[in-house]
Amino acid sequence: MPKILRYGEFISRLRDFGVIELPGRGKGSERYLIRSTVTGTTKGPSYTIRCHGSGNTVKIGTMSACLRRLQIDPKEFWK
């Protein structure tokens with residue numbers, strides 16, 4: 001069952017799946033997330049998410065859209 005996560009914890013969990021954050025690629029408070037499919041490159045599925053501080057919460061709809069776009073199984077993510 002999904003629960004509310006803070007931005008920092010959400011990004012930390014995504015890193016376990018090989019997702020990297022490129023803060024310079026987004027505009028303003030946006031962060032660009034990439035799940036690299038080719039080792040050593042930034043090629044692969046990506047998602048742009050807003051970051052207004054690592055302590056702010058990420059909405060469930062945003063989390064599910066991010067997981068879907070980055071091709072991460074929600075069952076694996078919520079283990």
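Ile49 is buried, with a relative accessible area of 2%; buried means under 20% relative accessible area, exposed over 50%, and partly exposed in between (1.4 Å probe, protein chains only). Ile49 belongs to strand 4. Helices (H or I, at least four residues) and strands (E, at least two) are DSSP runs, numbered from the N terminus. Leaving out residues up to four places away in sequence, Ile49 touches Tyr7, Phe10, Ser29, Glu30, Arg31, Leu33, Val58 and Thr62, where contact means heavy atoms within 4.5 Å. Its C-alpha atom is separated by 11 Å from that of Leu22, 27 residues apart along the chain.

## Basis of the model

This is a predicted model, in which local features need pLDDT of at least 70 and side-chain atom pairs count only at pLDDT 80 or more, while totals for chains, interfaces and linings use all residues. Residues are numbered from 1 along each chain as its sequence is written, and side-chain values use heavy atoms, with hydrogens and water left out.

## Overall architecture

The chain contains 3 helices and 5 strands, arranged along the sequence in the pattern β-α-β-β-β-β-α-α. The radius of gyration is 12 Å, close to the 12 Å that the globule rule gives for 79 residues, so the chain is as compact as a globular protein of that length. The radius is taken over C-alpha atoms, and the rule is 2.2 Å times the number of residues to the power 0.38. Along its principal axes the C-alpha trace spans about 30 × 30 × 15 Å.

Of the 79 residues, 29% count as buried. Among contacts between residues at least 6 apart in sequence, 43% join residues at least 24 apart.

## Surface and charge

The chain exposes about 5200 Å², of which carbon and sulfur atoms supply 49%; accessible areas come from the Shrake-Rupley method with a 1.4 Å probe, and for residues only the protein chains shown count as cover. There are 15 positive and 6 negative side chains, and the centres of the two sets lie 6 Å apart. Lys and Arg count as positive and Asp and Glu as negative, with His and the chain ends not counted. Each charge is placed at NZ of Lys, CZ of Arg, CG of Asp or CD of Glu.

Helix 2 (residues 60–69) has Met63, Ala65, Cys66 and Leu67 buried. The cover over these residues includes strand 1 (5–6), helix 1 (7–15), strand 3 (30–35), strand 4 (46–50), strand 5 (57–58) and helix 3 (74–77).

In the loop between helix 2 and helix 3 lies Gln71, which has a positive phi of about 60° although it is not a glycine. Most residues other than glycine have a negative phi. Gln71 counts as exposed, at 57% relative accessibility.

## Cysteines

A search of the whole structure finds 0 disulfides, a disulfide being a pair of cysteine sulfur atoms within 2.5 Å. The sulfur of Cys66 is 13 Å from the closest cysteine sulfur, in Cys51, too far for a bond. Cys66 counts as buried at 0% relative accessibility, and Cys51 counts as buried at 12%.

## Glu21 in strand 2

Glu21 lies in strand 2 (residues 19–22) and counts as partly exposed at 24% relative accessibility. Beyond its neighbours within four places in sequence, Glu21 is in contact with Tyr7, Ile11, Arg15, Arg31, Tyr32 and Leu33. The C-alpha atoms of Glu21 and Leu33, 12 residues apart along the chain, are separated by 4.6 Å.
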